[in-house]
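Please consult the sequence and the structure shown below while reading.

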Amino acid sequence: MNVRLESKTATYSATALALVVIAAQVGCLGEPTYAPRDARVQASGDGGRDLANVVLISIDTTRADHLSSYGFAKPTTPNIDAVAADGLLFLRAQSTNSVTLPAHSSMLTGMRPPTHGVRDNYDYRLADEHTTLAELLQQEGYQTAAFVSAFPLKEEFGLSQGFDVYDDTLTRKRDDVPEMLQRPANVTTEAAIGWLEAHHEKPFFLFVHYFDPHAPYDPPEEFAKLFPRDSYAAEIAFADDQVGRLLSKLQELGLYDSATVIITSDHGEGLGEHGEETHSFFIYQTTAHVPLVFKPAHKGADDAGRGTRVKQPVSVVDIAPTFLDALGLAIPATMQGVSLLDYRHGKSPRAAGAGVYAESLVPTMFDCAPLRSLVADKWQYIWTVRPELYDLDEDPGQLDNVVGDYPEVADRLEAKLRAIIENPNATQPEASRLVLDDRARAKLQSLGYLGGTVQDHQDLDPSMRDPKDFMRAYQSIMQAEGMIASARFDEAARLCETLLRSEPDVFRAHQILAKVAQIQERESDAIAHYERAIDAAEKTLRRQHDEQRRAPLGVADARTTLGELLFRQGDIAEAREHFRAGMRDFPEYARVFYQYGGVLAELAAGNSDADEKAKLLAEARSVLEAAIEVKPESVEAHSNLGYVHLLGGDYEAARRHIQQAIALNPNHVPARNNLQRLRMLSDQ
């Protein structure tokens, strides 16, 4: 690694920028870009010191074929290339899912998504019943710290289990999109280095997550200049620079050689191939193939595996077992990955043809079939309505589906997939659900995750729609959401109107039209579009004849907003019907409860009939108490319940809930207004 002793306030390294230019002239494959090993050991002062530290670095949204060590034409990753020259590089590593949270759950548990239960970024959290790598190492006396850089890995999603420190501090990336929260790589590195400097004396597990290559691509100017017209590559180069900076700190502390390091990604990026601009929908190699570089601890003269390039398929589920094996710790039977340590000596720990699993359930949000994949030897088999088989040696771009030419290969790999899906793990806990509020959903949507409800129980039915047939519509919805984020409302509406002429039952397109009408204060149009959205969702449910199928959570949002609009227009009876339907169908969705409770409070406040007012207040209390039971930290529920108690004359209960709302959010205006009302009435 390039040794860079820089000030703590440095944003990124001028040395690394120079290295990229030099690498472009002399090449960077096969040899480290930093000092030869002897000089590095002398400089680092390891002196045979054997601290069994482990470091996991995940660079979000990084296609393997965009690293120079994987053959990219431009020198994007001199630092990762240097680590690969010090260890093993896996040429055919696979993620388990093409979105962030499920893939990282696999990294930290050693389990596939059907077993750990996290199938999407929305509405899931890693169940507490699972044991993570951090928990196992914590039990062995390790210090454990994580530094993550984007909202999908925030603590509430369950990955913080076992970490002494879980730093998920995020900042706004773009002023015009306030919901877009992430942390640039240099800031994440700064935080991780600060922790290292204070905790390097005892064994540690350090997990660092970078998010920069994720769309929208906005690299620092210095890197943008090095990679003109390729912002994605520039973002990867910037992340690589920060990897180098972090590992240089390990070297400076005398810990690099004795550390076990793995560098990987959660998924790749479509970049327009197969019609997918970003990721999450398909599981072709554009998004499933990830880099995986493994540098074992080098002890004395043991150089086994140095510079090895492994072609056999491996998976991110292998990361946790590899770390445990490298430390001499037992690998739990619940882990479905294998240790990669044997590859140091030319042995394969996975049986020939066993294959590694990946999935995408995002198509099921749109009434399409799920996608499941197995990569075994040179083959990738994608199991869906029209299955696909690709020879990755002969057809790395996956342009020629040879499923008809090799039916015996397809049948064999499909049988393996069926076994994985039908028997994920007899002891797995039930999937842990996390119902996100509107603000959290907006943060995920700002990152390009559409949101919806994946059908995680669904078997493949030949009557389902093949996801390949929906990609154009999916891209239209993605474009429309991007237009709304950029305040191009009329363009978004026109795009959705065009889509609905050929795809009349796409719930999300109707929902976007409703939101645009609402933003433009065309309430009657908004009501009509929300009604059509709900009709489209219900038609889809009826068509599936599937009792387990879950209606998209967007229907709860549509019913809630529709109830508010109808209430404002004076259609009280219809408004109440939508609120009640929302509470009945989505008992876990707090917003429909607290908004309905607020409407009932307003009706009670304007009602002069004492008996009718008492009935409205009683219903409001019941609804708002249910909201708090669903979401105890709901500011709106506490504020509205305080107002209901205030209207009913129970000032003590009113004060308790209003103060709770203000404690949760001191800047919540309705709660402060309710407190002012309470003070005025109390004085009287």
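## Backbone geometry in loops

Proline 216 is located in the loop between β9 (204-210) and α8 (221-226), where helices (H or I, at least four residues) and strands (E, at least two) are DSSP runs numbered from the N terminus. The peptide bond that leads from alanine 215 to proline 216 is cis, with omega near 0°. The model is a predicted one, in which local features need pLDDT of at least 70 and side-chain atom pairs count only at pLDDT 80 or more, while totals for chains, interfaces and linings use all residues. Residues are numbered from 1 along each chain as its sequence is written, and side-chain values use heavy atoms, with hydrogens and water left out.

Two residues other than glycine carry a positive phi. Most residues other than glycine have a negative phi, and most peptide bonds are trans. Threonine 61, in the loop between β1 (54-59) and α3 (78-86), has a phi of about 60°. Threonine 61 is buried, with a relative accessible area of 0%; buried means under 20% relative accessible area, exposed over 50%, and partly exposed in between (1.4 Å probe, protein chains only). For arginine 229, phi is near 65°. Arginine 229 belongs to the loop between α8 and α9 and is exposed, at a relative accessible area of 84%.

## Overall composition

The chain contains 24 helices and 18 strands. Of its 684 residues, 60% are buried. Considering contacts (heavy atoms within 4.5 Å) between residues at least 6 apart in sequence, 69% join residues at least 24 apart.

## Salt bridges

Side chains of opposite charge can pair when their charged atoms come close. There are 32 salt bridges in the structure, each defined as a side-chain nitrogen of Lys or Arg within 4 Å of a carboxyl oxygen of Asp or Glu. One of them joins lysine 154 to aspartate 168, at 3.7 Å from N to O. This pair links distant parts of the chain, 14 residues apart: lysine 154 is in the loop between β5 (143-147) and β6 (165-167), and aspartate 168 in the loop between β6 and β7 (171-174). Lysine 154 and aspartate 168 are both buried.

Which residue forms a salt bridge with glutamate 190? The partner is arginine 245, with an N to O distance of 2.2 Å. Glutamate 190 is part of helix α7 (residues 185-199) and arginine 245 part of helix α9 (residues 231-252), so the bridge ties together parts that are 55 residues apart in sequence. Glutamate 190 is partly exposed at 25% relative accessible area, whereas arginine 245 is buried at 4%. A further salt bridge pairs arginine 465 with glutamate 503, whose closest N and O atoms are 2.5 Å apart. Arginine 465 is in the loop between α13 (438-446) and α14 (471-485) and glutamate 503 in the loop between α15 (489-502) and α16 (507-519), so parts 38 residues apart in sequence are tied together. Arginine 465 is partly exposed, at 29% relative accessibility, and glutamate 503 is buried, at 16%.

## Helix packing

Helix α21 (residues 610-630) packs against α22 at an angle of about 155°, with the axes 9 Å apart. Axes are lines fitted to C-alpha atoms, for helices over the stretch in contact, and angles run from 0 to 180 degrees between N-to-C directions. The two helices α21 and α22 are therefore roughly antiparallel, the term for angles over 145 degrees. The contact includes Leu617, Leu624 and Ile628 of α21 and Leu641, Val644 and Leu647 of α22.

Helix α22 (residues 635-648) also meets helix α23 (residues 651-664), their axes coming within 7 Å and crossing at roughly 160°. These helices, α22 and α23, are thus roughly antiparallel to each other. Among the residues making this contact are Val635, Leu641 and Leu646 of α22 and Tyr651, Ile658 and Leu664 of α23.

## A buried histidine

Histidine 529 is situated in helix α17 (residues 523-544). With a relative accessible area of 13%, histidine 529 is buried. Leaving aside residues up to four places away in sequence, histidine 529 touches His510, Leu513, Ala514 and Ala517.

Key:
Parallel < 35°, antiparallel > 145°, perpendicular 65-115°, else oblique.
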